[in-house]
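Dear colleague,

Please find below the structure that I am handing over to you. My notes on what was found in it follow directly after.

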Amino acid sequence: MWPYCGHDATQEHPFGCYGIRVSGHTACLAHLDETDCGAYLATLAPGADIDHRSTPFTEDLLARLLDALRDPTTEHPRIGPARFDGASFTGPARFDETTFTHFASFDGATFTHAASFDRVTFAGLAAFNQTTFTYSVWFDGATFTGAAAFGRATFTGAAHFRVATFTGAVQFPGATFTRDVTFTAARFEAAQWLGPLVCGGAVKLDHAVFETPVTMMIAARALSLRRTRWAPSAALRLRYAEVDLAGAVMEYPVTVAAEPVPFTGLREVPLSEEVLAGRDVGVRVRNINGVDAAHLALTDVDLSECRFVGAVHLDQLRMDGRITFARPPIGWHRRGLMPLRWSRRRTLAEEHHWRAATVRQPAPGQEPSAHEWQPGPHHPDLSPTSSPETLAALYRQLRKTLEDGKNEPGAADFYYGECEMRRHDRTGTPWAERALLTTYWAVSGYGLRASRALASLAAAMIVTVAVTMLWGLPTQAPKTETTGRQVAAGQTLALTTGTPDPVNPTGPWGERVTTERFEKALSVMINSVIFRSSGQDPDHCRHLHRDDFPPRRTCPPWPRGPGRAQPRQTLTTTQSTERPQTSRSPGTEVIGALAPSRIPRRPRSAQR
């Protein structure tokens with residue numbers, strides 16, 4: 001412990017003021033009398049070392065101290081090693097354009113009013129560990145040549161680091177920002193870590209430049225990375241944040257991932273997230289317009305409100321883990337007199353915007369409900385809203401991304417979305433193709449809705465049965481007649497087969513609609529649709545197995561000679577189309593056969 005002032009000691013505060021004594025005096029700078037204070041300030045010169053730990057500073061006292069250290073050449077204060085650890089600044093603290101040629105330590109300091117470090121140069125270490133900024137603080141245009149340490153610092157007001165340059169390491173372990181923190185156009189030349197930090201407002205890194213591989217650990221309400229540039233790779237581990245990556249430049253892989261557990265600070269103690277209480281811990285990516293998605297990887301993020309229009313190489317975007325997309329409106333809606341329900345699938349936010357602008361719902365200024373499409377930023381103006389042709393291309397590219405990631409259900413949903421946009425595209429899709437797509441959609445949901453396909457099949461089967469029963473079945477089953485003449489032994493037997501033409505039903509409708517005709521029509525339809533046997537010849541003998549017939553007997557030919565006339569017989573065979581009742585074991589070969597005919601036996605005399 002340094003020799004402290006002890007001024008204003010009381011029974012409640014027996015030690016009084018903890019400000020370090022000015023060299024050669026028994027009080028700190030704040031409690032020196034006017035004569036001693038003036039004498040001390042007169043001894044200071046630009047670049048002098050100062051040590052005012054735990055000293056309370058008013059606005060006037062700080063101004064007098066900086067005036068004493070002002071360089072007449074630059075007319076800006078220039079300070080050597082500076083120690084303001086534990087100091088309290090009860091008035092506005094203005095260090096604008098000050099140069100700290102050595103280290104500057106503000107560890108544990110308290111700024112109860114606004115603090116300004118605009119265009120300040122820190123040539124050495126800039127330590128603000130456990131510093132409390134009650135009001136806003138500005139480091140705009142500041143240059144941190146050495147390391148910048150803000151470990152467990154508390155920023156109650158807004159913090160600004162616009163156009164700041166961080167040549168050395170940047171440390172924000174356990175820092176807490178109640179409101180926004182801005183790093184617009186900041187330059188990080190050697191930062192390997194940014195965070196972990198907690199921000200109740202937005203972290204703005206628009207136009208910032210990272211020249212070395214960096215890991216960012218941020219828990220914030222929003223993270224703006226518009227036109228941010230990463231020369232090397234980067235890993236963004238986030239919580240609670242709504243991320244805007246519009247126009248970001250990525251030369252190497254950049255990963256955006258949701259962190260499932262709170263970040264830990266020093267000694268592995270979880271950081272307090274009270275400033276974000278009540279918010280969803282998930283990460284939501286809002287915009288990747290203008291991004292080269294070939295270098296972007298998303299893990300466990302919500303893309304339900306993300307705008308993809310304008311991004312390039314979307315087919316090379318990497319999506320891992322649990323990726324959430326928007327869903328169509330819930331419940332039933334009416335199109336004319338027909339009640340309809342939107343098919344459940346993954347959709348893009350741009351499709352929501354286009355459909356909402358098309359039906360002009362909800363009305364401008366009205367809060368959308370879960371039963372309506374979500375409006376876009378230009379609602380209800382259709383001219384700046386993405387067209388169906390553009391959306392079809394987006395769905396096509398993202399479908400390939402999901403297919404490469406083995407996410408087949410998600411890829412199927414995006415194929416459905418692509419077909420939907422092509423069906424609604426009146427400029428790039430011909431009307432004939434749109435008509436085919438409409439039929440494809442109505443019959444089977446582009447081949448992806450099993451219930452719709454089954455319903456269409458059932459309807460077709462019902463129509464087929466009705467048509468077959470009324471017009472497709474003849475009044476009587478035609479019978480096949482086979483005629484021929486018996487020839488001499490050893491000669492060819494010639495048979496003639498004829499089938500009369502079926503007779504179409506001509507009776508009244510009531511006679512056609514019978515149970516027998518319905519069963520036949522149903523049998524024909526089932527064989528056609530299920531067993532696919534409609535093209536077979538109705539020869540029922542083909543169902544017989546070779547084992548159902550007796551062994552074949554071979555008779556020697558009759559002797560030829562004079563006096564032995566050859567018998568001539570006429571063979572007439574009538575075969576009905578009625579199917580015989582036969583049975584066979586499964587897996588056996590089925591052959592066709594004719595009914596056996598009578599064959600004249602050889603006389604006994606010939607056998608001898």
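Predicted model: local features only at pLDDT ≥ 70, side-chain atom pairs only at ≥ 80, totals over all residues.

**The annotated region.** The UniProt record, an unreviewed entry, places a "transmembrane region" at residues 453-473. In the model, the chain over residues 453-473 is 95% helix and 0% strand.

Helix α7 covers residues 450-472, and it packs with helix α9, residues 515-529. Their axes are 9 Å apart and meet at an angle of about 135 degrees. Angles over 145 degrees would count as roughly antiparallel and those from 65 to 115 as roughly perpendicular, and α7 and α9 are therefore oblique to each other. Their crossing is right-handed. On the α7 side, the contact is made by Leu457, Met461, Thr464, Val465, Thr468, Met469 and Leu470. On the α9 side, Arg517, Phe518, Ala521, Leu522, Met525 and Val529 take part. Within α7, Val465, Thr468, Met469 and Leu470 are buried. The cover over the buried residues of α7 includes α9 and also α8 (509-512).

**Glu351.** This residue belongs to helix α3, which spans residues 349-359. Is Glu351 buried or exposed? Its relative accessibility is 0%, and because buried means under 20%, Glu351 counts as buried. The side chain of Glu351 makes a polar contact with the side chain of Tyr395, at 2.3 Å. Leaving aside residues up to four places away in sequence, Glu351 touches Arg345, Trp373, Leu391, Tyr395 and Met421.

**Thr98.** Thr98 has a relative accessible area of 0% and is buried. Which residues does Thr98 touch, not counting those up to four places away in sequence? They are Pro77, Ile79, Arg119, Val120 and Thr121. A polar atom of the Thr98 side chain lies 2.9 Å from the backbone oxygen of Phe95. Thr98 and Leu66 are 32 residues apart along the chain, while their C-alpha atoms are separated by 8.5 Å.

Yours sincerely

Methods: Residues numbered from 1 in each chain as written. Heavy atoms only, no water. Buried < 20%, exposed > 50% of the residue type's maximum accessible area, 1.4 Å probe, protein only. Contact = heavy atoms within 4.5 Å. Polar contact = N/O pair within 3.5 Å; in protein donor to acceptor, adjacent residues only side chain to side chain. UniProt positions renumbered as here; feature names shortened; annotations may be inferred. Helix = DSSP H or I, 4+ residues; strand = E, 2+ residues; numbered from the N terminus. Axes fitted to C-alpha atoms, helices over the stretch in contact; angles between N-to-C directions. Parallel < 35°, antiparallel > 145°, perpendicular 65-115°, else oblique. Left-handed = near helix turned anticlockwise from the far one by under 90°.
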